[in-house]
Amino acid sequence: MNGSIGGWHGGGARSHPDVMTGELVILLLLIVTAVAFDFTNGFHDTGNAMATSIATGALKPKVAVALSAILNLVGGFLSVEVAVTVTTSVLKIQDTDTGALMAGLDAETAMFIIFAGLVGGILWNLFTWLLGLPSSSSHALFGGLLGAGLAALGTAGINWSGLTAKVIIPALLSPFIAGLVAAIGVWLVFRVTRGVREARRERGFRYGQIATASLVSLAHGTGDAQKTMGVIALGLIAHGTLSDQEIEANGLPVWIIVLCAGAIALGTYLGGWRIIRTLGKGLVELDSPQGMAAEASSAAIILTSSHLGMALSTTHVATGSIIGSGVGRPGAKVRWGVAGRMVVGWLMTLPAAAIVGAVTYFVGHLVGGVGGAFLVFGILVVAGGAIYRRSQQQKVDHTNVNAEWEGEGTELAPELATAGKDA
Amino acid sequence: MDIDLTSIATSTLSVIVVGILLGAGLPLLFSLGIVLQDRGAGGEHADGSITAPNPAARYASWAVFAVVALVVLYGLLFITKGSISHYLGIELPL
């Protein structure tokens, strides 16, 4: 790979002889937390690409997550022009052009804001995963940063117009845009292929489904791994180890790319089975033409929207597409109870992650320094562990991901455990 | 707060138009390929009628699938053009 990128790290470290300070410890914890966020981002979003292929049987569950993981890994490595301005759409702690830290903001405060924001994002991701709700990881991160920023700097630290124009409005519009595109696609597909023999149609569309789902996975790797890379780069900038000029000149240090691409791929491979299940079985009963139309709509929108001046969340688009594929198919049933809970989850994402981010910031700031950072990290580990333990009481994995969906609402009911044993 | 509603509306509209062209157009084209393939195979159909295999329809179906594949390939190159230029130094005119 590029030698100039690899060469950066040694030079940067040499120019800072007093690296083993408290701030470095905070930075290291921040990086670990960022990688953990990236990991949750991976398994939370496996379903966006692969839920339809798993539900229709186009791909076996394990094959689907492995394919998606590889494409996410490739996608992560394709991220060479990473925006370090990741926080600028919600906070005013960075220069919007260069990504440099605002004057007057000290390193520890900046690192604590990012750190607490990540904790808010991770905990909301884990909580929605427990409930089997697809929710946007970017929104969770933005929410966490928003709360931490409010706690640290007050309302003046928030980029309100950016929050409205770049986060809230696109989130409100994207499910409708995606739903419309998928509904039109599905309607056309069934209209055109109505005379085709069922078995041939089902088989033919499986190939199309796998191809479009692969595109969504790749796009996810390029788009989402970048966000964590941007966050880590920002942490390094705040700490003073890296400058925005160095990134401008040499690109990101290669270890950040390796770390983030690897974490998102590993997360994807582990598969957020609970969310895959909701997306593939809970919303609509899917067959392969619907699955293809849904993923084609998702892929087209995710890949083009940012070039057209509107960055949309993968999760919102994928969910909208799947619902649209149910709306557009004559006779198909959408479980609006499930869809309604998702919408509630989306509306809660920003405020809920913000509250966690703010509380975390206060706790960390109250204790301060390395002790505060370890305390925050401890809170994350304990809360994350508790959610994981709860999830194990009702496991969803590759064996029961396609079990019949009972009832109108979301699951998290005892039937699932038994349904899994039968499957 | 300075929120440019016009630019949001314009972006939304272009996302919808491009989304429909690619996101619904490609499945439509693919469906056409499936229909041609089904005709090309011949045999007994759902309505009980029996037709002879039709090679012309089969070739046409492969042509349609090739077009779909090319569009997807274009899409792939489009996503990766930044990286291709970075790693290989090739500037794609996309």
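**Entry 1: two helices in chain A**

I started with helix α2 (residues 22-56) of chain A and helix α10 (residues 273-282) of chain A: their axes come within 8 Å and cross at roughly 45°. I noted that axes are lines fitted to C-alpha atoms, for helices over the stretch in contact, and that angles run from 0 to 180 degrees between N-to-C directions. That angle makes α2(A) oblique to α10(A). For the cut-offs, under 35 degrees is roughly parallel, over 145 is roughly antiparallel, 65 to 115 is roughly perpendicular, and the rest is oblique. Helices (H or I, at least four residues) and strands (E, at least two) are DSSP runs, numbered from the N terminus.

I must remember that this is a predicted model, where local features need pLDDT of at least 70 and side-chain atom pairs count only at pLDDT 80 or more, while totals for chains, interfaces and linings use all residues. Residues are numbered from 1 along each chain as its sequence is written, and chains are lettered from A and ligands numbered from 1 in the order in which they are written.

Next I checked the handedness, and α2(A) passes α10(A) in a right-handed crossing. A crossing is left-handed if the near helix is turned anticlockwise from the far one by less than a right angle, and right-handed if clockwise.

Which residues of α2(A) and α10(A) make the contact? On α2(A) I found H44(A), T46(A), G47(A), M50(A), A51(A), T52(A), I54(A) and A55(A). On α10(A) I found I275(A), I276(A), L279(A), G280(A) and K281(A). Being in contact takes C-beta atoms, placed from the backbone, within 7 Å. I sorted the residues of this contact into 7 nonpolar, 5 polar and 1 charged. Here Ala, Val, Leu, Ile, Met, Phe, Trp, Tyr, Cys and Pro count as nonpolar, Asp, Glu, Lys and Arg as charged, and the others, Gly among them, as polar.

**Entry 2: α11(A) and its partners**

I moved on to helix α11 (residues 288-305) of chain A and helix α12 (residues 314-327) of chain A, whose axes come within 8 Å and cross at roughly 145°. This crossing is right-handed. Among the residues in the contact I noted A293(A), S297(A) and I301(A) of α11(A), and V317(A), A318(A) and S321(A) of α12(A). By class, I get 7 nonpolar, 7 polar and no charged residues.

Then I looked across to the other chain. The axes of α11(A) and α1(B) also come within 8 Å and cross at roughly 145°, and the crossing is right-handed. The contact includes A296(A) and A300(A) of α11(A), with G19(B), L22(B) and P27(B) among those of α1(B). I counted 12 nonpolar, 5 polar and no charged residues there.

**Entry 3: where the chains meet**

The contact takes 35 residues from chain B and 42 residues from chain A. On the chain B side, α1 (5-41) and α2 (55-88) are the elements giving two or more residues. α1(B) gives the most, with 23 residues.

Chain A has 15 helices and 0 strands. Its C-alpha atoms fill a box of roughly 70 × 45 × 35 Å along the principal axes.

Chain B has 2 helices and 2 strands, running α-β-β-α from the N terminus on. Its C-alpha atoms fill a box of roughly 65 × 40 × 15 Å along the principal axes.

Conventions: Contact = placed C-beta atoms within 7 Å.
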